[in-house]
Amino acid sequence: MNRRSLAGRLTALAAVTATLGGCASDGDDDGAASPVSAPPGTTARRTPDSGGTSARTPRGTLLVTDFGSDTVTFVDPVERGAAADLGSVRVGTAPYGIALGEDGTAWVATAQGVAAVDTRTRERTALIRYRTDTGPVTTGEYRGGGMGIALSPDGSRAYVGVNVPGGKGTLEVVDTERREVTRVVPVGRRPFDVDVSRDGRQVYATNHDSFDVSVVDTDDWTARRIEVAPYGTEGGLGSWLKPHYTAVRPWDGALLLPFEGERLAVVDPGTGRVRIEEMTANTHQHGVTAGADGTLYVVGTGPIDPSEDDGPSLTVRSPDGDERVVPLVGPHETVTLSADGRTAYVSGGFTRDGYWNGLSVVDVATGRVTRLPVGERPLAVAVLGGDDREVVQ
């Protein structure tokens, strides 16, 4: 369907959206390093003294953020059932995005601060508080605090998009060695995603509620706004037709933002020009990632209008624009690739109602899907240390 036909429904949708705020939850974390803890129904394996786990973390292990809890969960994608869950680590309330450093440190954006997790010992080693005032610590879709997060190419900085409920967000810059926030840059509203250019000279914050991408120069820390609104901005905060996540195209640095399984916005971050290409999935879209060859993987969360739109899916879009649409069961949020690019891990967490506790494991070549129950509203996924094993499906 053409989303221009949705204009008449946007006002009604705005009223519904305004009622979907997150539930309040008092933060109880004092900022000290936390031992391994287990979500309901699982057992975290510990060493007697260190608080870390006694089991070695295998290469290719997945680390997922539990947006419905205060943990990240280690997942063995080869195993099935309870054996896939390798235990969890407390990081802070409602963890959202995750970025993995080459040294094995995972940087996690939570409602309370940026958590550093040593993935080898499976323990949190720091919680770096935000300098931005985000109000009370809460949970749910509209909670304040960190959302998208990314690392500079040399790993010396972590960039986190911080949501300020009811106002514009910020990009906070974390020195990963000193483990402190060194700079705060104003960006747009609700920075769902943060990405970095290949040369590290620019950081991109994708701002859901202001229909734009903030391009931040890492030399002078100035920010430029590029509006990305292929359906216009009618409906404002109540509109469904806003940007969510961005992929950086490997060969030219273009920013790729999918919309509704109908349109792909191709943004030149230098000139600010936006070109629109056609897509085919006909479903509301969120997460996106690009493979090393430029193949695009896009998560369809499901229909805005079930009478006209298609259900959840994973679109696999080749560099020349050809698309395969793999149907999924239930809403999903983000997608991450295995190191060899043969498997896509699609999280079932979803920022809105309708999430499920697990991942869809997609064989890219065949489109075969295996559902892997794990975590508590798993939202973002990182693959640890490469993948040197076959995933048995």
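**Entry 1: Val215**

I listed the contacts of Val215, with contact meaning heavy atoms within 4.5 Å. Leaving out residues up to four places away in sequence, Val215 touches Gln202, Val203, Tyr204, Thr222, Ala223, Arg224, Ile226 and Pro269. I found Val215 in strand β15, residues 212-217. Strands here are DSSP runs of E with at least two residues, numbered from the N terminus. Val215 has a relative accessible area of 3% and so is buried; buried means under 20%, exposed over 50% and partly exposed in between, with a 1.4 Å probe and protein chains only. I also took the C-alpha separation of Val215 and Asp195, which is 9.8 Å for 20 residues along the chain.

**Basis**

The model is predicted, so I note the limits: local features need pLDDT of at least 70, side-chain atom pairs count only at pLDDT 80 or more, and totals for chains, interfaces and linings use all residues. Numbering runs from 1 along each chain as its sequence is written, and side-chain values use heavy atoms, with hydrogens and water left out.

**Entry 2: positive phi**

Most residues other than glycine have a negative phi. I noted Phe211, whose phi is near 55 degrees. Phe211 sits in the loop between β14 (202-207) and β15, and is buried at 4% relative accessibility. I noted Asn282 as well, with phi near 55 degrees. Asn282 is in the loop between β20 (274-278) and β21 (284-290), and its relative accessible area of 10% makes it buried.

**Entry 3: aromatic pairs**

How many aromatic pairs does the structure hold? I get five. The criterion is ring centres within 6.5 Å for Phe, Tyr and Trp (its six-membered ring); planes under 30 degrees apart are stacked, over 60 edge-to-face, and the rest tilted. Phe192 and Tyr245 have ring centres 5.7 Å apart and planes at 75 degrees, so I log the pair as edge-to-face. Phe192 is in strand β13 (residues 191-196) and Tyr245 in the loop between β16 (223-227) and β17 (247-248), 53 residues apart. Both Phe192 and Tyr245 are buried. The pair of Tyr231 and Phe259 is tilted, at 6.5 Å centre to centre and 55 degrees between the planes. Phe67, Tyr96, Phe192 and Tyr245 form one aromatic cluster.

**Entry 4: charges over rings**

I counted NZ of Lys or CZ of Arg within 6 Å of the ring centre and within 35 degrees of the ring normal. Arg122 lies over the face of Phe74, 5.3 Å from the ring centre. Arg352 lies over the face of Trp240, at 5.0 Å from the ring centre.

Conventions:
Helices (H or I, at least four residues) and strands (E, at least two) are DSSP runs, numbered from the N terminus.
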